[in-house]
Amino acid sequence: MAVNIAIFISGRGSNMESLLRKSEEAGLDIKFTVVSDNADAEGLRIAEKMGVKTIFLENCANGWKLTEENAVSIESLIRENRISRVFLAGFMRIIPESLIKKHPLMFVNIHPSLLPSFKGKEAQKDAFEYGVKVSGCTVHFVDEGVDTGPIIMQKSVDISDCTNTDEVKSVILETEHLLYFQAMRMLLEKNFSVEGRRVIFGN
Ligand code: GRF
């Protein structure tokens, strides 16, 4: 039976597209729903063209915090579409604490740095300006904090040859596309437990 997975996006949606395409190529039995807080998100158009169901999350107030009303809408879309996991892919809003408490381990995010270094919205810029030679990306469960949840997978990226933030973004993004799909597949196919902060995969 197909697994129902939602991908939440706000913009370009290249991670979303990579998850959709790689799942199709791998023949995974997944029914995707793409959700956006932004009706003009490029990623929504891409998903529509690929024949994937899309939902526009209405009434998102300005700013990055979602309201309790938004939480109710997300709750009902999870229920109505029988969503078993939500992958945030460039979704620029904070998931309300009430939802995280109600659905622990439901929300997964990808962040463009090796957490806990360079949390926040400007991860690649911060890494470049700090002068680190190695950065990378992290797939993690979403908890009540920002970029603080238990780490599922990480991959390092050599950024020593990058001469500006855009180059850092683009080399890390290539790895994000690979890592997010690997992580999604691991979560689908393997047993795992979360012991404290540690995500431990079994068979
Ligand atoms: C990615 O770098 C992701 O790690 C970050 O936002 C960016 C989204 O890019 N959270 P895209 O919309 O998936 O192309």
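This is a predicted model: local features need pLDDT of at least 70, side-chain atom pairs count only at pLDDT 80 or more; totals for chains, interfaces and linings use all residues.
Two packed helices are described by the angle between their axes and the distance between the axes. Helix α1, residues 14-25, packs against helix α6, residues 165-189, at an angle of about 50 degrees. The axes of α1 and α6 are 9 Å apart. The angle makes α1 oblique to α6, and α1 passes α6 in a right-handed crossing. On the α1 side, the contact is formed by Ser 14, Asn 15, Ser 18, Leu 19, Lys 22 and Ser 23. These residues meet Leu 173, Glu 176, His 177, Leu 178, Tyr 180, Phe 181 and Met 184 of α6. By residue class, the contact of α1 with α6 consists of six nonpolar, five polar and two charged residues.

Helix α1 also packs with helix α2, residues 42-49. Here the angle is about 20 degrees, and the axes are 9 Å apart. Because angles under 35 degrees count as roughly parallel, α1 and α2 are roughly parallel to each other. The crossing of α1 past α2 is right-handed. Met 16, Glu 17 and Leu 20 of α1 make the contact with Gly 43, Ile 46 and Ala 47 of α2. The residues of this contact divide into four nonpolar, one polar and one charged.

Side chains of opposite charge can pair when their charged atoms come close. The structure holds seven salt bridges, and among them is the pair formed by Glu 17 and Arg 21, with an N to O distance of 2.9 Å. Glu 17 and Arg 21 are separated by about one helical turn, because they stand four residues apart in helix α1. Glu 17 counts as partly exposed at 23% relative accessibility, and Arg 21 counts as partly exposed at 39%. Glu 17 is also one of the α1 residues in the contact with α2.

Another salt bridge joins Lys 125 to Glu 129, the closest N and O atoms being 3.6 Å apart. Both residues lie in helix α5, residues 123-130, at a spacing of four residues, or about one turn of the helix. Lys 125 counts as partly exposed at 31% relative accessibility, whereas Glu 129 is exposed, with a relative accessible area of 55%.

Arg 185 is partly exposed, with a relative accessible area of 29%.

Most residues other than glycine have a negative phi, and most peptide bonds are trans. The peptide bond from Leu 115 to Pro 116 is cis, with omega near 15 degrees. Pro 116 is placed in the loop between β5, residues 107-111, and α5. Phe 118 also has its place in the loop between β5 and α5, and its phi is positive, near 55 degrees. A positive phi, near 60 degrees, is likewise found at Asp 147. Asp 147 is located in the loop between β6, residues 134-141, and β7, residues 151-158. At 12% relative accessibility, Asp 147 counts as buried.

Two further buried residues lie in helices. Met 184, found in helix α6, counts as buried at 0% relative accessibility. Leaving aside neighbours within four places in sequence, Met 184 is in contact with Ile 5, Leu 19, Ser 23, Leu 28, Ile 30, Phe 32 and Phe 87. Of these partners, Leu 19 and Ser 23 are among the α1 residues that meet α6. Met 184 and Arg 85 are 99 residues apart in sequence, yet their C-alpha atoms are 9.4 Å apart in space.

Gln 124 has its place in helix α5. Its relative accessible area is 11%, so Gln 124 is buried. Not counting residues up to four places away in sequence, Gln 124 touches Pro 112, Thr 165, Val 168, Lys 169 and Ile 172.

Note on methods: Residues are numbered from 1 along each chain as its sequence is written. Side-chain values use heavy atoms; hydrogens and water are left out. Axes are lines fitted to C-alpha atoms, for helices over the stretch in contact, and angles run from 0 to 180 degrees between N-to-C directions. Helices (H or I, at least four residues) and strands (E, at least two) are DSSP runs, numbered from the N terminus. Angles under 35 degrees count as roughly parallel, over 145 as roughly antiparallel, 65 to 115 as roughly perpendicular and the rest as oblique. A crossing is left-handed if the near helix is turned anticlockwise from the far one by less than a right angle, and right-handed if clockwise. Contact means heavy atoms within 4.5 Å. Ala, Val, Leu, Ile, Met, Phe, Trp, Tyr, Cys and Pro count as nonpolar, Asp, Glu, Lys and Arg as charged, and the others, Gly among them, as polar. A salt bridge is a side-chain nitrogen of Lys or Arg within 4 Å of a carboxyl oxygen of Asp or Glu. Buried means under 20% relative accessible area, exposed over 50%, partly exposed in between (1.4 Å probe, protein chains only).
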